[in-house]
Amino acid sequence: MKRLIFLGPPGAGKGTQAKALSSTYQIPHISTGEILRRATTAQTLLGQKAKVYMDKGELVPDELILDLIKERLAQPDSKKGWVLDGFPRNLAQASFLEQLLANLNQSPDFALNLIVPDEVVITRMLERDREDDNEDTIRRRLQVYRDDTAPVISFYQERGILKSIDGNQSMEAVTSSLQTLVES
Ligand code: ADP
């Protein structure tokens, strides 16, 4: 049973590593970015609303995200653990999650913070082929990360569950560092 939260800038490799841990521990990988992209492709009301923000590199408003996470964590498969990727992304989301988990009698085991320098994440994102990976949007996402998401690191540090990992290594090296950490 593992309950894991991934933190780190866009392009840090959260998705890749979250998938790897999800498969190792046989627990659901919950990526708010993927859920939103699926909603956008399916052109649901959520997707249409979210796209406006995603295209600009802005955070989607909390009211669109919080219910979605609440529903996802209420699914039966979430009872055996989970890996959160892309949530929480600001302090309001972190407080909401804390309360939600308290109501479910759960608590996260670790907040795993992937540290990768700006120039590396920029290069990685420019090499991906995602619609929101253009230079202006990337710059905005990094700014939003610094302003809104970085404070979440201290939030989990204060709760004693923060673990920082050098994300600027090979994918395999990061995965094995993470596995060692999570087993400790
Ligand atoms: P990345 O971390 O590489 O930017 P994600 O797939 O995690 O990619 O997120 C893509 C976009 O989806 C974000 O730029 C944001 O607009 C939106 N998004 C994802 N998760 C959240 C969230 N928890 N709160 C608000 N917006 C979110």
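This is a short chat about a predicted model of a protein.

Trainee: What should I know before I start?
Mentor: The model is predicted, so local features need pLDDT of at least 70, side-chain atom pairs count only at pLDDT 80 or more, and totals for chains, interfaces and linings use all residues. Residues are numbered from 1 along each chain as its sequence is written, and side-chain values use heavy atoms, without hydrogens and water.

Trainee: How many helices and strands does the protein have?
Mentor: There are 8 helices and 5 strands. These are DSSP runs (helices H or I, at least four residues; strands E, at least two), numbered from the N terminus.

Trainee: And what pattern do they follow along the sequence?
Mentor: It reads β-α-β-α-α-α-β-α-β-α-α-β-α.

Trainee: How much of the protein is buried?
Mentor: Of its 184 residues, 47% count as buried, meaning under 20% relative accessible area with a 1.4 Å probe, protein chains only.

Trainee: How many residues are in the largest nonpolar core?
Mentor: That core has 29 residues. A nonpolar core is a set of buried Ala, Val, Leu, Ile, Met, Phe, Trp, Tyr and Cys residues joined through side-chain atoms within 4.5 Å. Ile5, Leu7 and Leu73 are among those with the most contacts inside it.

Trainee: Which helix gives the most to this core?
Mentor: H4 does, with 6 residues.

Trainee: What does Leu73 touch, beyond its neighbours within four places in sequence?
Mentor: Its contacts (heavy atoms within 4.5 Å) include Ile30, Trp82 and Leu97.

Trainee: Which residues are in the second core?
Mentor: That separate core of 22 residues includes Leu4, Phe110, Leu142 and Val182.

Trainee: Switching topic, what box do the C-alpha atoms fill?
Mentor: Roughly 40 × 35 × 30 Å, along the principal axes.

Terms used: Buried < 20%, exposed > 50% of the residue type's maximum accessible area, 1.4 Å probe, protein only.
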